[in-house]
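Here is a short briefing to read alongside the model. Take a moment with the structure first, then join us at the ligand.

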Amino acid sequence: MNNYQDTSLDRVWQQVCHRVRGRITEQAFATWFDPIVPISKPNGKILLEVPSQFYGEWIESHYGDLIASTFKEISGKAVSLEYRVAADTTIVKEADPNGKDQKPPGVAYDRGTQLNKRYTFDRFVSGPSNQFAKAAAESVAHAPGQTAFNPLVVYGGVGLGKTHLLQAIGNFILDRGAAHRVHYTTSEKFTLEFIQSIQNNRTTEFSERYRNIDSLLMDDIQFLQKKEQTQERFFHTFNELFQQGKQIVLTTDRHPSELYGLQDRLISRFQSGLIVDIQIPSLETRIAILQKKAAEDNLKIPYDVLEFIAAKVRNNIREMEGALIKLLALSSLSCSEITMEVARRALRETLGRNSAAAPTIDDVIKGVCAAMNIQESRMIGKGRKTELAQARQVAMFLSRELIGASLENIGLHFGGRDHTTVLHACRAVKKKIKADPQFSARLERMRNHLTN
Ligand code: ADP
Ligand code: MG
């Protein structure tokens, strides 16, 4: 099966993009068209590979006709388009030592390795939650099989960057161009292929294939749990590679010692190398990740909006990216600017009702002013009267608590006050909550009012 890029299709696609670009906004183009990879199929159809289901549906329903008619304009004949989510399939690929294996620019998925080209170390934002894992992954990528980090096991919750780091190792090794066979797979795929090899009497070929790998990158090994026979096969594969000094990197959603239904001897093998975790990133790191994504795609998104998204989606970077995509979708749909209003809607649709009730800093200011009977302009002004100062402190405190906004950003919303002022305000309110039950009850009412 020929899976490689068809250069004539590439040329046509470039022209299609060129025309489409003139017809939609730059932002819409960057969001929806940059990630598409066209592939021609033997039956004359054209397959458009997209990063996710959501993307595919969106492109098909909003730009499907435009793409089809532009294709027709350029090629002179009607084409039939299909959409497919680029999958993480398993293919072994040897890096080309002569560097001849040039990829066309803008292609996100390398059909040779199926490594996602966007998953690089450069694009991986580090913070206290993941810097150790990243450093270990980089060491391994620089000297596969030659460090004490073998196997390297990266574990952590869903959507926190395990696959990204794992594939970054693969991309890094391949980009260096040394003759080094990198094999990326998931434990599910490994299991499936193993079962198929048994059914087809091809277990020898299966083992042979794995024996010739220089670096094995296996994602999500938790799926090996309870699969005795596959574990057996994996154990042998592991040992063979390990004894030859080949690099092995594994990811899992929990610490290996908590992988129940996995043979002890496998677990102790994993523990002979280095086990590192990825934790939930801090608000600052989450904002940095969003800023980086926006910069990479040339998107101009107000800082407020990024901070809002980062504050709302805490536990999962993939979900956070989903919210960002949704935001871009909504804004290109309504041809409107990216505003807090659109952001709030995007989050409501991504996370469901509850989270969407979340107020913005301006809502908090409005709410507190109403509850304490103060004019908004005075709240952000310079006045220092006691009740005014107290209302300001309460609003700052609630902005921090309900929205998770940074001290700097809160300061900006209150007429450009310094972050130390905000910090002081938050501390003062906390103290008062403890000391004054009446104040505390009043604050509670405001809090409820703002979140409902
Ligand atoms: P996991 O495999 O742990 O479930 P992924 O590696 O698939 O998570 O990450 C989910 C998404 O979040 C990916 O698009 C990835 O690029 C992004 N992501 C996660 N962590 C980071 C980070 N530190 N910097 C940049 N992007 C990240
Ligand atoms: Mg993953």
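In this predicted model, a nitrogen atom of ligand 1 sits 3.3 Å from an N or O atom in the side chain of Asn130, a polar contact (a pair of N or O atoms within 3.5 Å). Residues are numbered from 1 along each chain as its sequence is written, while chains are lettered from A and ligands numbered from 1 in the order in which they are written. Local features need pLDDT of at least 70, side-chain atom pairs count only at pLDDT 80 or more, totals for chains, interfaces and linings use all residues, and side-chain values use heavy atoms, with hydrogens and water left out.

**Around ligand 1**
- The side chain of Lys162 has an N or O atom 2.8 Å from an oxygen atom of ligand 1.
- Leu160 contributes a backbone N or O atom, 3.2 Å from an oxygen atom of ligand 1.
- On its own, ligand 1 has 560 Å² of accessible area, and the protein covers 94% of that (Shrake-Rupley method, 1.4 Å probe).
- Helix 5 (162-176), helix 10 (283-296) and helix 12 (317-333) are the elements giving two or more residues to the shell (helices are DSSP runs of H or I, at least four residues; strands are runs of E, at least two).

- An open, mixed sheet is formed by 3 strands in the order 1-2-3 (strands pair if DSSP finds at least two bridges between them).
- Strand 1 (37-40) and strand 3 (81-85) are at the edges with a single partner strand each, so one side of each has no neighbour in the sheet.
- Strand 2 (residues 46-50) and strand 3 run parallel, joined by 5 bridges.
- Val50 has Val85 as its bridge partner in strand 3.

Note on methods
Polar contact = N/O pair within 3.5 Å; in protein donor to acceptor, adjacent residues only side chain to side chain.
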